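This report describes selected features of a protein structure, from strand pairing to helices and charged pairs. The sequence and the coordinates are shown first.

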Amino acid sequence: MKNRRLKFGIGVGIILAVVGWEAVSGFNQSKTYYVTVSELTQAQEARRQIRVGGTVEPGSVQRRAGKLTFRLAQDAKSIPVTYVGTDTLPDTFKDGAQAIIDGNYLSSGEFQAEKIQAKCASKYQAAPVSPASGQKNPKVAGL
Amino acid sequence: MNELGSLGIVAGLAFAAYAVVAGALGGKLRSLRLTRSAERAALAFFVMLTLAVIALEYLILTNDFHNAYVAEHSNRDLLTFYKVAALWAGQEGSLLFWTWLLSIYSALAILLNRKKNRQLMPYVVAVLMGTGAFFSSLVLFVANPFQELALASAAGTQPFTPPDGNGLNPVLQYHSMVIHPPMLYLGYVGMVVPFAFAMAALITRQLGDNWIRTTRRWTMVPWMLLGLGILLGGNWAYAVLGWGGYWGWDPVENASLLPWLSGTAFLHSVMIQEKRGMLKVWNVVLVITTFFLSIFGTFLTRSGVVSSVHAFAQSSIGPFFAVFLCIIVVFSVTLLFLRLDHLKSENKLDSLVSRESGFLFNNWILLALVFAVLWGTLFPLISKAVENVTVTVGAPFFNKTAIPMGLLLLFLTGAGPLLAWRKTSFQSLKRNFLLPLIVAGVSGAFLLIAGVRHFYAWMTLCLCIFVAVCVLGEFWKGARTRMKTARENFAQALYNLTMRNTRRYGGYIVHLGIVLLFIGFAGLAFKTQAKGSMGQGDLLRAKNYLLRCDGLVSGDTPNYEYTRALITVTKDGHAFTAMHPEKRFYKASQQPTSYVSIHPTLSEDLYVVLSGLDQDTGKAVIEVFVNPLVMWVWIGGLVVFLGTLLALVPSRVEREMAEIRKTQDIAVQVDDLGSGG
């Protein structure tokens, strides 16, 4: 009985070790630091495997010879971004969209994005439906 | 209509609050009148919430854009089918919908149980309506769908009605997206019923068989619907998002998986309690965990605390949920500690090779999986709190942890049911496992010869065959016995066998469904893709398919404009099919979206996306995926669903047992009346 328990314990131990090792390696492989644009512009040093969120600066999107560049802005600061990934950009990526980019920041101050996610900013907020003032002011019904 | 809707929510909140107090007092004072009154208040809660839902649907269907919610989530030219779905397209509507589903579950739970579980009912009502009160106050005070638009000007505010609405988010305009949220929500919300019964059983110390039997059924229904919801979500992602996959380990997807996993653990370990009177504390913990994860999932989906592709706005409901979650934990855990004496195990684990230990392993792995997924999903928040940097982890982490654990679970899916209760002898192990192991081994060798070199995929397919032989063997053995003893033919024997014990054989069908799901998952390893710019006459090759572009056409519908690529496909040189992926531009929301063209077959899907137009050349950018075995994911999910339905049908054995219990209950009631009078 004792012998069996020992074998059993060893078996469970091996399984745990394999799963644990896989978890750690997967973790390191896909770990991405979330940083802000101002952190990048202040430090001015190269950083790998990072993620930055911000707004696609209106009018900055340029497609030349199959290469896409734009500026990603956050709180009045912005960085130049070159898209080096292979996936097709999401439909929601356009001027003024909120974007999350994954990739590496070079010491030259350029961000090489490998992955771009975007969501359309206007969609989920109150869009200017009023033709006159462009403002709307939701009010709770009289109860 | 806005007034009527708000009135419905206010009245609903009032009824719910009353039901909590009346239920708790009714239970405490053992007052039948108060309990009855609480039950009626809960039914009134359902009526009031129904009123509010009807009011909002009426506003949506009549294009009343004076209502802010309707203006944001619908437009005139939207198909009626999708207009109905606008109810759950946004934050406010979703929460109202959630609350309404809760009221339906509550009403059903009360109507179906108030005779059977007399003593539990007052507290069941109180817990259900406590949750109802929380959600209806959220809808009323924080996310009210009945707000009216007004213009602020120098002269003061004036009511405002825009000519048309912003429209439904185009990616939501797909048929499985219309039923995905309701199913998912039915799954999430339904977990409140088992929780309510668990709490009532703890409060009243009625911790015998009764609550666990009731709870098992009430867990199976939401578990089944949650699974279906997850599957439909995957189907939607696959058909609409255009990246060729159905599962991306997105926080919101993970959130829906968590209660499903812990619910699965509960549905298994509950059997040990029924058969052997063990794991009583553990089962209560699992019920609490599942409910907690359901609410937590709703919170994660709705509050925007973790950034997700499911682009929901940052919103103010987060703190309210955090408080509610704390209340759930403190309340339920305290109660559990106070009742630990009543939850003593009646038996001990006899052997490591037994049905019990099979279930135990299943529980550990499922819970480890819950922990891993939760850890990965919440890591941005954990790292922020600990080190003040936000670190996210992606798909590799989840895949690397989930695949080995999933394979262990898959093994147990086949092996577990063949183990005997208490102790399994070496002889019976040999008898039961020899054939499945041989068949799986031979098939494994064939797969290697056929060129399967991906380790995990190979392992998955071998295990699938092992499990299938194990489970089908159970049907075969059972049917053979009946054929001999009852002189039935094979089909009759199979039918009678299944109907006599629907729980067991329904469960086996669920296990077969899981096998089919894993076959589908294994296909992921053999995915191929290609991409290219295509003008008229251009060719693109993907695996053994050759795509030819016959040009682009543009068109217009009231709701959207589209550009469509005309593509003719040949397979191995033979004519195969024509595919028409589209790029659509929705007018109301001013958003583009892709319409994927999929040619599904049992062996593989051909998946073609028009991902854009090349700015320089004006050619179409076409992406092709060849996705093997994806169809088996949908089929497997459907089989799991049908198997669960079968297991919910009362079996002949159970019906006989219920008859016996009923006569006992009547005897008990007569006793009660006797002592009371």
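In this predicted model, V609(B) stands opposite E623(B), a residue of strand 14 of chain B. The pairing between strand 13 and strand 14 (residues 620-628) of chain B is antiparallel and comprises nine bridges. These two strands form a hairpin with six residues between them, in which G618(B) adopts a positive phi near 75 degrees.

**The sheet of chain B**

In general, the strands of a sheet pair through backbone hydrogen bonds, in either a parallel or an antiparallel manner.

On its other flank, strand 13 (residues 604-613) of chain B pairs with strand 12 of chain B in the antiparallel sense, over four bridges. Strand 12 and strand 13 of chain B also form a hairpin, with three residues between them. Within this pairing, S597(B) has V608(B) of strand 13 as its bridge partner, while I598(B) stands opposite Y607(B) of that strand. How far is strand 13 of chain B enclosed by the rest of the structure? Nine of its 10 residues are buried, so strand 13 of chain B is largely enclosed.

**Helices of chain B**

Helix 11 (residues 280-303) of chain B has 24 residues; at 1.5 Å a residue it should span 34 Å, and the 34 Å between its end C-alpha atoms agrees with this expectation. The helix is mostly covered, since 19 of its 24 residues are buried.

Helix 10 (residues 251-276) of chain B contains L258(B). This leucine is buried, with a relative accessible area of 2%. The C-alpha atom of L258(B) is separated by 5.7 Å from that of V370(B), although the two residues are 112 residues apart along the chain.

Helix 15 (residues 426-449) of chain B includes L434(B). Together with I438(B), V442(B), F446(B) and I449(B), L434(B) makes a nonpolar surface patch of about 540 Å². An α-helix has 3.6 residues a turn, so residues three or four places apart point the same way. L434(B) is partly exposed, at a relative accessible area of 47%; this value is over the 30% required of a patch residue.

**Salt bridges**

Over all chains, a search of the whole structure finds 16 salt bridges.

| D102(A) | R51(A) | 3.2 Å |

In chain A, the salt bridge joins D102(A) to R51(A). D102(A) lies in strand 6 (residues 98-105) and R51(A) in strand 2 (residues 47-56) of chain A, so the pair ties together parts that are 51 residues apart in sequence. D102(A) counts as buried at 11% relative accessibility, and R51(A) is likewise buried, with a relative accessible area of 12%.

For the pair of E582(B) and R584(B), both residues are buried. Elsewhere in chain B, salt bridges that share partners join E39(B), R114(B) and R118(B) into one network.

**Composition of chain A**

Chain A has three helices and eight strands. Along the sequence, its elements follow the pattern α-β-α-β-β-β-β-β-β-α-β. Of its 143 residues, 36% count as buried; D102(A) and R51(A) are among the buried residues.

Key
Residues numbered from 1 in each chain as written. Chains lettered and ligands numbered in written order. Predicted model: local features only at pLDDT ≥ 70, side-chain atom pairs only at ≥ 80, totals over all residues. Heavy atoms only, no water. Patch = residues over 30% accessible without salt bridge, like charges linked within 9 Å, V, L, I, M, F, W, Y side chains within 5 Å. Areas by Shrake-Rupley, 256 points an atom, 1.4 Å probe, with all protein chains shown as cover. Salt bridge = Lys/Arg side-chain N within 4 Å of Asp/Glu carboxyl O. Buried < 20%, exposed > 50% of the residue type's maximum accessible area, 1.4 Å probe, protein only. Pairing = 2+ DSSP bridges. Expected span 1.5 Å × (residues − 1).
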